[in-house]
4 protein chains.
Amino acid sequence: MTTRVLLTGFEPFGGESVNPSWQAVERVAATPPPGLDVHALLLPCAFDVSLDVLREAVARLGPDLVVCTGQAGGRPDVTPERVAINLDDARIPDNTGFQPVDREVVPGGPAAYFSTLPVKACVAAIRAAGLPASVSHTAGTFVCNHVAYGLAHLLATEYPTVRGGFVHLPYAPEQVTARQQPSLPVAASAEALRVLLSAAAAAATDLPVSEGAIS
Amino acid sequence: MTTRVLLTGFEPFGGESVNPSWQAVERVAATPPPGLDVHALLLPCAFDVSLDVLREAVARLGPDLVVCTGQAGGRPDVTPERVAINLDDARIPDNTGFQPVDREVVPGGPAAYFSTLPVKACVAAIRAAGLPASVSHTAGTFVCNHVAYGLAHLLATEYPTVRGGFVHLPYAPEQVTARQQPSLPVAASAEALRVLLSAAAAAATDLPVSEGAIS
Amino acid sequence: MTTRVLLTGFEPFGGESVNPSWQAVERVAATPPPGLDVHALLLPCAFDVSLDVLREAVARLGPDLVVCTGQAGGRPDVTPERVAINLDDARIPDNTGFQPVDREVVPGGPAAYFSTLPVKACVAAIRAAGLPASVSHTAGTFVCNHVAYGLAHLLATEYPTVRGGFVHLPYAPEQVTARQQPSLPVAASAEALRVLLSAAAAAATDLPVSEGAIS
Amino acid sequence: MTTRVLLTGFEPFGGESVNPSWQAVERVAATPPPGLDVHALLLPCAFDVSLDVLREAVARLGPDLVVCTGQAGGRPDVTPERVAINLDDARIPDNTGFQPVDREVVPGGPAAYFSTLPVKACVAAIRAAGLPASVSHTAGTFVCNHVAYGLAHLLATEYPTVRGGFVHLPYAPEQVTARQQPSLPVAASAEALRVLLSAAAAAATDLPVSEGAIS
């Protein structure tokens with residue numbers, strides 16, 4: 001049976017002209033992994049609208065799996081986020097000019113949600129494909145974490161059988177040509193996402209191995 | 001009126017012969033900030049014992065403020081932790097040889113607790129003293145996060161009027177003489193802790209400024 | 001008229017099972033840039049043999065341009081080396097077990113040679129192709145610098161009309177799957193080398209722009 | 001017999017309000033190591049004047065040892081420079097607004113000079129004092145390298161019995177309070193310089209150990 005997947009990426013923000021998350025998502029949707037029906041969705045980099053757009057798409061598509069992706073400038077590898085926190089604290093304005101400080105994503109919601117993706121199985125599968133990955137324990141406090149938390153809250157409260165989570169991707173090389181920062185080509189990030197989606201669709205439980213961090 | 005402070009540091013772990021957190025704590029207790037009555041407590045780097053030791057000390061001392069500190073190897077600055085998560089996932093064994101994977105710190109506890117320290121006021125005060133600091137949004141998944149979460153849970157459930165949180169400190173220079181990693185002398189970390197304690201004792205609410213992270 | 005290019009890469013060293021420099025060189029030789037006749041040469045990661053192999057190939061092929069490449073683990077971008085120094089100081093043994101300390105590459109040779117590649121034009125061309133690059137001012141003191149210096153000395157003393165230099169490449173992603181270090185896929189490194197070779201073949205002089213380093 | 005030492009530091013540059021090199025030099029001159037007669041000299045951060053000031057001081061003082069120091073923002077440790085190159089390539093203007101590109105420090109001079117300090121003995125002594133140090137193989141291409149090269153050329157051509165070299169120091173903590181960059185307190189940098197000066201005054205030859213770099 002086909003697994004229906006909602007896969008989201010963000011529009012560019014912070015002065016960038018591209019966002020590797022959307023570029024990768026488009027590639028995955030164009031050439032999805034076998035057995036997966038992948039629907040791509042572009043999210044605005046905007047606190048207040050992003051979750052409305054996501055919620056509408058989940059309601060419309062009825063996916064089995066929801067994976068949201070974003071750009072993590074400076075990270076060298078693909079990082080499934082294990083946790084999202086109930087906090088907006090924006091160091092820069094979002095694309096609408098809005099810059100919330102110390103606001104809850106969901107007023108009265110729990111302090112955090114853990115991803116319902118099998119993050120360690122996902123990381124192991126990406127590595128087995130020869131691509132770099134690790135589990136992250138912070139998605140920041142900007143729109144990415146906002147969407148990661150909002151998605152987790154939506155699934156926990158309204159779609160308890162749907163699994164989902166957030167994945168951060170490195171800069172694309174074209175973004176760092178003169179910056180001496182790590183990057184990963186969009187084709188490689190897309191391939192990592194394909195492998196991740198297959199692993200997430202296949203595994204009901206996660207691997208019993210440590211991918212923890214000392215600090 | 002004097003504020004009674006319980007200030008903890010860890011014993012060395014991971015092959016190190018010192019832990020800058022305990023070295024700094026000893027200095028602060030020997031020369032505390034004005035108006036603060038600081039009690040130093042050494043915590044074992046052990047998942048199962050550390051929280052017993054902490055709980056006993058809180059019960060015995062009746063502090064107004066509890067600040068636990070630990071070593072964050074590789075970080076260049078003093079980092080008050082804004083959040084602690086209900087997850088033990090040990091990349092290395094603790095000092096008793098125990099290495100939990102994907103275990104809750106407190107079975108059935110909330111996914112996370114936010115610090116009840118005014119972390120932004122603390123960071124601002126440390127910077128004003130000429131020392132480097134930033135807010136962190138992950139304390140890892142080892143014994144430091146275990147204690148950070150356990151402390152938050154203890155205060156939330158049994159001592160709701162007591163404020164507390166966790167602070168990570170850089171390596172001491174003597175730990176990285178040949179490693180090309182960032183460090184901060186223990187005297188500087190101790191001074192940062194003094195300033196932090198004074199700020200935490202003084203401020204009932206935090207500063208309305210962003211110290212967020214993009215990712 | 002066709003430019004004849006000798007392009008070298010290294011065998012794996014330091015416990016790695018691949019060396020991205022040789023992988024990239026093989027790709028460039030298989031699909032060279034237009035107008036270039038590219039001859040690939042594998043160099044052993046060995047102080048004493050590497051330069052013999054290089055010297056023999058230069059004598060045999062009579063190239064117009066010689067570009068040697070190597071792996072720079074940890075660098076995020078493609079880095080033409082501007083300078084090579086007359087110093088072997090090996091932190092680890094080479095692949096023959098030899099570990100020279102404070103030895104000259106060429107006894108009595110000059111302290112350093114500057115690359116005769118137009119390094120800034122090369123960097124600009126790679127960036128224009130959407131790939132990350134910067135000028136480096138140290139090739140280290142291991143076999144890479146040994147070959148960089150030995151090549152420069154050979155060309156300066158015996159082939160003054162032949163231009164040449166050394167280029168460092170990042171790890172391949174498959175080398176860092178679980179290491180959280182920067183990488184660049186071999187296909188991208190190969191494309192950067194193609195662009196570099198074309199730029200080096202075309203430009204007699206370098207661009208008058210700064211690519212300097214503060215420290 | 002007392003060793004006469006000329007020890008230089010730089011004025012602030014690049015928008016900084018302090019330069020840890022001059023701050024450290026002042027401290028060393030105020031409290032020099034036993035047996036050393038230390039003369040502090042402030043150098044302007046200016047390509048064309050810096051070497052005039054240095055040359056005049058060397059002629060006037062007749063030192064046995066000359067150590068020039070500068071700020072290396074981003075480095076975590078004290079780094080004696082092993083080599084200086086005959087190249088000015090300024091990424092930013094110096095304090096007079098001058099920004100040379102691809103100019104020789106000394107027209108017609110050798111491509112590089114190696115330090116005549118026993119850099120490995122210096123590093124070993126600093127580490128033995130509990131402070132972080134490593135040998136560097138690039139001093140950049142800005143005013144620091146300019147002075148490092150100019151000093152080496154001056155000693156080689158006019159004062160062949162005088163030993164000297166350049167040492168880079170990390171940012172001071174007060175420079176990076178909000179930047180998450182490595183730092184070292186000026187008192188620690190000063191102590192490292194004292195130890196370095198004593199080691200340099202004592203050792204005629206360097207230690208036969210590797211402090212090389214792979215790349």
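How much area is buried between chain B and chain D, and what share of it do carbon and sulfur atoms give? The views below come from a predicted model, in which local features need pLDDT of at least 70, side-chain atom pairs count only at pLDDT 80 or more, and totals for chains, interfaces and linings use all residues. Residues are numbered from 1 along each chain as its sequence is written, chains are lettered from A and ligands numbered from 1 in the order in which they are written, and side-chain values use heavy atoms, with hydrogens and water left out.

**View 1. The interface of chain B and chain D.** About 1400 Å² is buried here, 64% of it from carbon and sulfur atoms. Buried area is the accessible area (1.4 Å probe) that two parts lose on being put together, summed over both. Pro76(B), Thr177(B) and Gln180(B) supply 32% of the area that chain B buries against chain D, more than any other three residues. Each chain brings 19 residues to the contact, where contact means heavy atoms within 4.5 Å. There are zero salt bridges between chain B and chain D; a salt bridge needs a side-chain nitrogen of Lys or Arg within 4 Å of a carboxyl oxygen of Asp or Glu. Six residue pairs, both at pLDDT 80 or more, are in polar contact. That term means a pair of N or O atoms within 3.5 Å; within protein, one must be able to donate a hydrogen and the other to accept it, and residues adjacent in sequence count only if both atoms are side-chain atoms.

**View 2. The interface of chain A and chain B.** This pair buries about 2800 Å², 60% of it on carbon and sulfur atoms. On the chain A side, Arg91(A), Ile214(A) and Ser215(A) lose the most area to chain B, together 23% of what that side buries. Chain A gives 37 residues to the contact, and chain B gives 37 residues. Eight salt bridges are counted between them. One of these links Arg82(A) to Asp102(B), with the closest N and O atoms 2.9 Å apart.

**View 3. The annotated active site of chain A.** An unreviewed UniProt entry places the feature "active site" at Glu81(A), Cys144(A) and His168(A). They span 88 residues in sequence, yet no two of their C-alpha atoms are more than 10.2 Å apart, so they gather at one spot. Positions follow the numbering used here, feature names are shortened, and annotations may be inferred rather than shown by experiment.

View 4. Glu81(A) sits in the loop between β4 (79-80) and β5 (83-85) of chain A. His168(A) belongs to strand β7 (residues 163-169) of chain A. Strands (E, at least two residues) are DSSP runs, numbered from the N terminus. Glu81(A) is buried at 2% relative accessibility, and His168(A) is buried at 0%. Buried means under 20% relative accessible area (1.4 Å probe, protein chains only). The side chains of Glu81(A) and Ser136(A) make a polar contact of 2.8 Å. Beyond four places in sequence, the contacts of His168(A) include Glu81(A), Cys144(A) and, from chain B, Ser215(B).

**View 5. Val167(D) in its strand.** Val167(D) lies in strand β7 (residues 163-169) of chain D. Its relative accessible area is 0%, so Val167(D) is buried. Leaving aside neighbours within four places in sequence, Val167(D) touches residues including Val67(D), Pro80(D), Leu193(D) and Leu196(D).

How values were computed. Helix = DSSP H or I, 4+ residues; strand = E, 2+ residues; numbered from the N terminus. Buried < 20%, exposed > 50% of the residue type's maximum accessible area, 1.4 Å probe, protein only.
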